Amino acid sequence: MTFNDIFKSSFLENVASVSFLDMAIALTLAFGLGLFIFLVYKKTFTGVMYSSSFGVTLVALTMITTVVILAVTSNVVLSLGMVGALSIVRFRTAIKEPLDIAFLFWSIAVGIVLAAGMIPLAVFGSVFIGGVLLVFVNRKSHLDPYIVVLRCEDHAGETRARACLEQCAARCVVKSKTAQRGMVELNAEIRLRDGNTDFINTLAELEGVDSAVLVSYNGDYMG
């Protein structure tokens, strides 16, 4: 090993390992597909509070993954170091919606496929996945579950209210019941035959019923 070999750096040798044309094409496609994923997420969001920052994260994650994979594929030694560096990264943000995990994985997968040069797979795969999500997530069903909260004066009022519920709903299941002196509170999960919710007005007007509340319910939250 000579004196020049000690101070010789391979940094400048890696400058041209990825051409500017490849970088421009990959990042442009990553931005476009990331924006498409963001729009699909916006159209299919069904949670309680929409977070615009999560949508921006999807776009950024697609581009960041593309940059990382471009670097990894251009240098085998760098790929080994990248695996070690990324293995110590820990994300502490809780994902509340299960569908959000699919969008995150979708963004990462698109970035990897684009950087690997499989552009048709990334484009057509994203269009197909987006179409499937738009169809199935936005599909409305009249059999969506609802929670009915009833406050009745006595057992007779409760009996009349339950009879009305069973007549108006396709399915009625009592989830909880609280009985106190002069008051009976009933929580029931129902499935409607159609989208008409006027029956709740009829329930509130029944003799022995103090109040009737209808709440949309999807198994995770109420609102």
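The secondary structure of the protein chain comprises 8 helices and 4 strands, where helices (H or I, at least four residues) and strands (E, at least two) are DSSP runs numbered from the N terminus. Read from the N terminus on, these elements follow the order α-α-α-α-α-α-β-α-β-β-α-β. The model is predicted, so local features need pLDDT of at least 70 and side-chain atom pairs count only at pLDDT 80 or more, while totals for chains, interfaces and linings use all residues. Residues are numbered from 1 along each chain as its sequence is written, and side-chain values use heavy atoms, with hydrogens and water left out.

Of the 223 residues of the protein chain, 28% count as buried; buried means under 20% relative accessible area, exposed means over 50%, and partly exposed lies in between (1.4 Å probe, protein chains only).

Helix H5, which covers residues 98-115, has 18 residues and reaches 27 Å from its first C-alpha to its last, close to the expected 26 Å, a span defined as 1.5 Å times one less than the number of residues. Among the buried residues of H5 are Asp100, Phe103, Trp106 and Leu114, and just after H5, Gly117 takes a positive phi of about 90°.

The cysteines can be considered next. A disulfide is a pair of cysteine sulfur atoms within 2.5 Å, and by this rule the count comes to 0 disulfides. Cys168 is in no disulfide, since the nearest cysteine sulfur, that of Cys164, is 4.0 Å away. Cys168 counts as partly exposed at 30% relative accessibility, and Cys172 is also partly exposed, with a relative accessible area of 27%.
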